[in-house]
Amino acid sequence: MQFRQTFKDSLYWFKNLLVDLSTKRSLGYILIIALVVTLTAGVLLYIIDSNIHSPLDGIWSAWVTMTHVGFGDVVPTSFFGRLLAALLILFGLAVFSLFTASLSVVLIGKNIDALGLEMRHVEREASRIESEESLVLKELARLHQRMDELENRLESLRSK
């Protein structure tokens, strides 16, 4: 039973994460740029390198190079093919860094929103406590004044 609830909670969290990610346009732009660069570089690899035998092999090589997996099944052997692969490695570093940063912003943003909600709750509670404290202090001042009056009356009765 506990596993089922944990699984439901995980799916709920993941669904909310996907909704939050879908609102971030930057993630979509990053993925589109990565896709376009992968396709373009793959076709270029096919054109400039004799070891790449089809456009799909070029796209596969570009993707594997850009993601830093490097299977080694399709590798460029020409100077310009290797130069393009080196540029893809650097581009892959930048793309995945940006993607990770954007994902972190979404996750941290959720925590900041929750923190802001909690802070507003704390502020309301503090305001309520301050108003109650003010009432208590006024009542104490009134009681202190009344006690002083009673002590003065008592003193005047004793002195007679």
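R158 counts as exposed, at 60% relative accessibility (exposed means over 50% relative accessible area, buried under 20%, partly exposed in between, with a 1.4 Å probe and protein chains only). Its salt-bridge partner is E155, which is partly exposed at 49%. This is a predicted model: local features need pLDDT of at least 70, side-chain atom pairs count only at pLDDT 80 or more, and totals for chains, interfaces and linings use all residues. Residues are numbered from 1 along each chain as its sequence is written, and side-chain values use heavy atoms, leaving out hydrogens and water.

**Overall build**
- The protein chain has four helices and zero strands (helices are DSSP runs of H or I with at least four residues, strands are runs of E with at least two, and both are numbered from the N terminus).
- From the N terminus on, the order is α-α-α-α.
- The radius of gyration is 35 Å, well over the 15 Å that the globule rule gives for 160 residues, so the protein chain is more spread out than a compact globule (the radius is taken over C-alpha atoms, and the rule is 2.2 Å times the number of residues to the power 0.38).
- The C-alpha trace spans about 125 × 40 × 25 Å along its principal axes.

**Surface and contacts**
- Of the 160 residues in the protein chain, 18% are buried.
- The accessible surface is about 12,400 Å², and carbon and sulfur atoms hold 67% of it (Shrake-Rupley method, 1.4 Å probe).
- Among contacts with a separation of 6 or more, 61% join residues 24 or more positions apart (contact means heavy atoms within 4.5 Å).

**Salt bridges**
- Side chains of opposite charge can pair when their charged atoms come close.
- The whole structure has four salt bridges (a side-chain nitrogen of Lys or Arg within 4 Å of a carboxyl oxygen of Asp or Glu).
- E155 and R158 pair at 4.0 Å, N to O. They sit three residues apart in helix α4, about one helical turn.
- E125 and R128 meet at 2.2 Å, N to O. Both lie in helix α4 (residues 79–159), three residues apart.
- R128 also bridges to E132, with the closest N and O atoms 2.6 Å apart. R128 and E132 are four residues apart in helix α4, about one turn.
- Together, E125, R128 and E132 form a network of salt bridges.

**Exposure within the network**
- E125 is partly exposed, at 31% relative accessible area.
- R128 is partly exposed, at 37%.
- E132 is partly exposed, at 40%.
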